[in-house]
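I opened the model to look up ring pairs, salt bridges and the chain contact. My notes follow.

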Amino acid sequence: MAGEEDLATAEAEGDENELEDEEEKEVCEDQFHPGSQSQAMAPAIISIHPNSRAVVVSVGAGFRVFDLESNEAVTPVDDSSGHRAAIRASGFSHDGAFFASAGDDKLVKLWDTFSWKCSKTIPVNKKTSAVAFSRDGQWLLVADKFGVVYVIPTLADDKSDTNEEPAQLLAHCCSIITSLETSPCGKFVVTADRDYKIRVSVLPKNPMLGAYEIQSFCLGHTSFVSCLAFVGDGSSEALLVSGGGDSTIRLWDHVSGYLLDTVDISNLLQTDKTDTFVAPAVVNMSASGSVVASTIERLTGVILLRCDFGIKKLLFLQKISWQEPICPTDLQFDRKGRLWLVAGAAETRGVGDRALKPEQVTELTSLAQASAAAALTRLRVIQKSPATSSYEALDDTEVPGGDRMLKALQGSPSDSSVSVAAAVAEAAQAAELAMKNLLSKRQYTETHREKRKRTRNDKKARAATSS
Amino acid sequence: MGKKKGAACAHPRKRFYRARAHSNPLSDSHFPVPVSPAHCDWTEHFPVLAAAGDGSASGQQQQQVPKVRFADVGCGFGGLLVRLSDLYPETLMIGMELRDKVTEYVKERIVALRKNNPGRYGNISVIRTNAMKFLPNYFDKGQLEKMFFLFPDPHFKEKNHRRRIISQGLLAEYAYVMAEGGILYTVTDVQELGEWMKSNLDAHPLFERINLEEQSSDPVVEFLVATSEEGQKVARNRGDTFVAVYRRVPSPP
């Protein structure tokens, strides 16, 4: 990919790729020096309750809940006052009883979706990058940026010795796990990483003992894999779809690892290829039935594909784009076939490993929560029009929950003032860039590599002498 | 190492290929890695493949094209491969090594051996790669019949234990590339590491320790210590070695 040799950012963020414990120390130093260069922007993410009971938008360290049945915003209740850093992953269990949130503060929180109280907070070793529930709702799987997937029981087991230590389920050797999904049949857990790999592992009856058997590898992407989704349903028809930094969306038979179809997105979008053209990465995706919706880098809209299970191919369905210069950061179908998109971002600062005094924790948490509450997002809903049988973006007056929903989840009334749109667009763009930087491999020249090897320990020495 | 006087092709001298014993397995790779096993071109490694498969072979013939069956993970200077080459002349074997200079040494060594011994050593080769990250890129499910882990880096510090080549997470990958019934060999001179590897393998449902009788009758076992350069060093210093050999068994019901 072009433009990788941005040495200025490489020096600052290089350690992230090296995966050393130094990373945590660097980030920690920053938060105690407010005004110093802030870390990345964390994108807004959206989760819809399986019964369409509620919509949750997480941005920064907080999330906003809107109950679609009572048409009211809900304030989640947490005894430990919430997350301290950006939420990177969220999701509902398949029966809707649980909601999980996790991210940069190395805390995984489990919430009851009726009372919206936090029922469990589990500390983990590294920042979380993805979460998923097992299909039977008994286990929460949590993936981190070092390639490890942990399993946490969702229900308190009176028989066990209340050892809530998460157990390791599987590991991609030192590679950021970007996406984690369980198959509709419940037999497999699929993980995608930054090293172009998709791994399908057998989920055993007792996941706490580890997923020791790998079913297949789906290999074919020539860049980081950013997202996964299953098309089809619980019957034998389900197939795996993936999107990556190589600007392709691929269809796989996950049981055999066989690549069934590849859709080249840059060709699909037919953008003018200038000299500085960089094929846009696939950012995120969501599937419902045989339809896959996908957000693409620099696309102010969404692409819809349809899987034909007969010929086992992905066919172009529709491209929807809008006037607002906003690229969605996350999307999800609800079970009524409506596609919800959110755009927005908030600053994130890691918490590091340094032991904090309770007052410091409280201060951090309230700062993070305040920053999250102030963040603006933009929400849109796309629905299949019964008249034309094609997908259309709904106006702000037509969305479920209407004005109240938009106010609760966007953080501002739905009358579009230009400055709000600009702020959201800028934030979303920064978040997209941050994701790209994190997942792309840096191609250093030989001389630069040698220089990095020589000067690497200087940073440690300098930090040691200055502290 | 080869010191044949008046040889037609001089063997490489180790002193010109000195490298540190360690290489960081966690850093991003800057060597080419095949996208998938189907994309991996083995013909440049094994002359017999270059002759057989030139793309015009029929489907049936393609299936009979031999595949790599043995992998020496962390092959170092190639001692084991050289010895095994004669023991299994029909089997294709590959060494995987992370260090650049050491891989170059092994390549040159194999070139010299092939030249000096026409018809032999055509079944061994070496790749520079990170086996911890990219094993599934080279091998299909159930492809390997033997895997070797000779004198792996002990990574003594507890915080570095996650870098050890035998761990629960990685054993799932090794089980994936190995055929049922395939054999996995480990040997080390560090007792703690020996116990670590043994307990990890014991804990993994897809591996079973082979019994002593089978271990002593396996012709490969006696070579584990004697052939590798590390093993020879240990023998010279009269150290202890800890051997653990396991079979890849079918998934429990």
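I looked up the ring pairs and found a cluster that links F63(A), F92(A), F99(A), W111(A) and W116(A). Rings of Phe, Tyr and Trp (its six-membered ring) pair if their centres lie within 6.5 Å; planes under 30 degrees apart are stacked, over 60 edge-to-face, and the rest tilted. This is a predicted model, where local features need pLDDT of at least 70 and side-chain atom pairs pLDDT 80 or more, while totals for chains, interfaces and linings use all residues. Residues are numbered from 1 along each chain as its sequence is written, chains are lettered from A and ligands numbered from 1 in the order written, and side-chain values use heavy atoms, without hydrogens and water.

I counted 17 aromatic pairs over all chains. One of them is F217(A) with Y176(B), edge-to-face at 4.9 Å centre to centre and 75° between the planes. F217(A) lies in strand 17 of chain A and Y176(B) in helix 6 of chain B, so the pair joins two chains. Helices (H or I, at least four residues) and strands (E, at least two) are DSSP runs, numbered from the N terminus. Both F217(A) and Y176(B) are buried (buried is under 20% relative accessible area, exposed over 50%, partly exposed in between; 1.4 Å probe, protein chains only).

Next I checked the chain contact (heavy atoms within 4.5 Å). Chain B gives 26 residues and chain A gives 26 residues. The two chains bury about 2300 Å² between them, 53% of it on carbon and sulfur atoms. Buried area is the accessible area (1.4 Å probe) lost on putting two parts together, summed over both. I found two salt bridges between chain B and chain A. A salt bridge is a side-chain nitrogen of Lys or Arg within 4 Å of a carboxyl oxygen of Asp or Glu. K133(B) and D195(A) meet in one, at 3.6 Å, N to O. On the side of chain B that touches chain A, helix 5 (131-138) and helix 6 (168-177) each supply at least two residues.

The N to O distance is 3.5 Å. R404(A) is partly exposed at 46%, and E72(A) is partly exposed at 37%.

I then looked at E297(A) and K436(A), a salt bridge at 3.1 Å, N to O. E297(A) is buried, at 12% relative accessible area. K436(A) also counts as buried, at 12%.
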